[in-house]
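Me: I have a new structure open and would like to talk it through. Can we go over it piece by piece?

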Amino acid sequence: MSKRVERAAHGPSWAEVILGAALALVLGVALGAVLLILRPVVSVKEEPKEREKGVVYHVEGSRDGSKARQALAKRKAFSEGQSVSVTEEEINALIAPVAGAGVPPEKGKDGKEIESGYFTPGTPIVRVREGVMQIGMPVTIDLLSYKLIAQAQGGIVKNGDTFVFEPTTLYLGSCPVQRIPFLAGMVRDKFMHSQSIPEDIKASWQKLANVSIEGNVVKLTMP
């Protein structure tokens, strides 16, 4: 009896059933993720008193220049090895001039730029509240030329010899990508390495003894 006749008589094997179910699950997760990514995020200046169910909010950080007058002085002090405490306004004032430059595009052997193929990040904005840091960033999905918001919330932890931002939640649009392992890693890497860091800040950052978020302030402590 041929395999085709045997399959018709006895139906699909367990292996085929399991494989079909697995493929359906993967496709369902992928489709659901795409729909959530494309669902618009509601941007607000302040935390809403009542959050609407099913809606993802992006509470923007402050770019109030009047509260960031000490930003350049603090950057200078930090680059000279002094401990400083910075607010979200000061952080946003310092990252804004360099954020647009981003990381230099990768080039192939022929010298031409290699396109990212996924998405292009814009200028980030930081929010610091109650011991939590939030980084929000406009993102353009290259394939669709579609603009959305990526945002991450978390804290500063020591990884090896340096301090890094470790997100506990990570959203691309309205999709909680931290729940999708294959997507979370890609988004996190692109998110965290999308901006260039001035050499003087990078050098001083490597020397830090501690970084803490206390209330609405980030404290950078030198040895």
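Me: Which residues does S204 touch, leaving out those up to four places away in sequence?

Reply: Keeping in mind that this is a predicted model, S204 touches F78, S79 and M222 once residues up to four places away in sequence are left out.

Me: Where is S204, and is it buried or exposed?

Reply: S204 sits in helix α6, which covers residues 199-205, and it counts as buried because its relative accessibility is 2%, where buried means under 20%.

Me: What lies 3.0 Å from a polar atom of the S204 side chain?

Reply: That is the backbone oxygen of F78, and F78 is itself one of the buried residues of α3, along with A71 and A77.

Me: Let me step back a bit. How many helices and strands are there?

Reply: The protein has six helices and 11 strands, and of its 223 residues 31% are buried. If you take the contacts between residues at least 6 apart in sequence, 48% of them join residues at least 24 apart. The protein exposes about 14300 Å², with carbon and sulfur atoms supplying 58% of that area.

Me: What about the inside: how many residues does the largest nonpolar core have?

Reply: The largest nonpolar core has 33 residues, and M133 and V218 are the ones with the most contacts inside it. Several elements each supply at least two residues of this core, among them α3, β3, β10 and β11, while β6 gives the most, with five residues.

Me: And which residues does M133 touch?

Reply: Not counting residues up to four places away in sequence, M133 touches a list of residues that includes I91, V126, F165, I213 and V218.

Me: Back to β6, then: why is it described as largely enclosed?

Reply: Seven of the 10 residues of β6 are buried, so this strand is largely enclosed by the rest of the structure.

Me: Which strands does β6 pair with, and in what sense?

Reply: β6 pairs in the antiparallel sense with β4 over three bridges, with β5 over five bridges and with β7 over nine bridges. To find these pairings in the view, you can look for P121, whose bridge partner in β6 is V139, for I125, which stands opposite G136 in β6, and for I141, whose bridge partner in β7 is Y146.

Me: How many residues lie between the strands in the two hairpins that involve β6?

Reply: The hairpin of β5 and β6 has two residues between the strands, and E130 takes a positive phi near 50° there. The hairpin of β6 and β7 has four residues between the strands, and in that hairpin S145 takes a positive phi near 55°.

Me: Is E130 buried or exposed?

Reply: E130, which is found in the loop between β5 and β6, counts as exposed because its relative accessibility is 73%, and exposed means over 50%.

Methods: Residues are numbered from 1 along each chain as its sequence is written. This is a predicted model: local features need pLDDT of at least 70, side-chain atom pairs count only at pLDDT 80 or more; totals for chains, interfaces and linings use all residues. Side-chain values use heavy atoms; hydrogens and water are left out. Buried means under 20% relative accessible area, exposed over 50%, partly exposed in between (1.4 Å probe, protein chains only). A nonpolar core is a set of buried Ala, Val, Leu, Ile, Met, Phe, Trp, Tyr and Cys residues joined through side-chain atoms within 4.5 Å. Contact means heavy atoms within 4.5 Å. Accessible areas come from the Shrake-Rupley method with a 1.4 Å probe; for residues, only the protein chains shown count as cover. A polar contact is a pair of N or O atoms within 3.5 Å; within protein, one must be able to donate a hydrogen and the other to accept it, and residues adjacent in sequence count only if both atoms are side-chain atoms. Two strands pair if DSSP finds at least two bridges between them.
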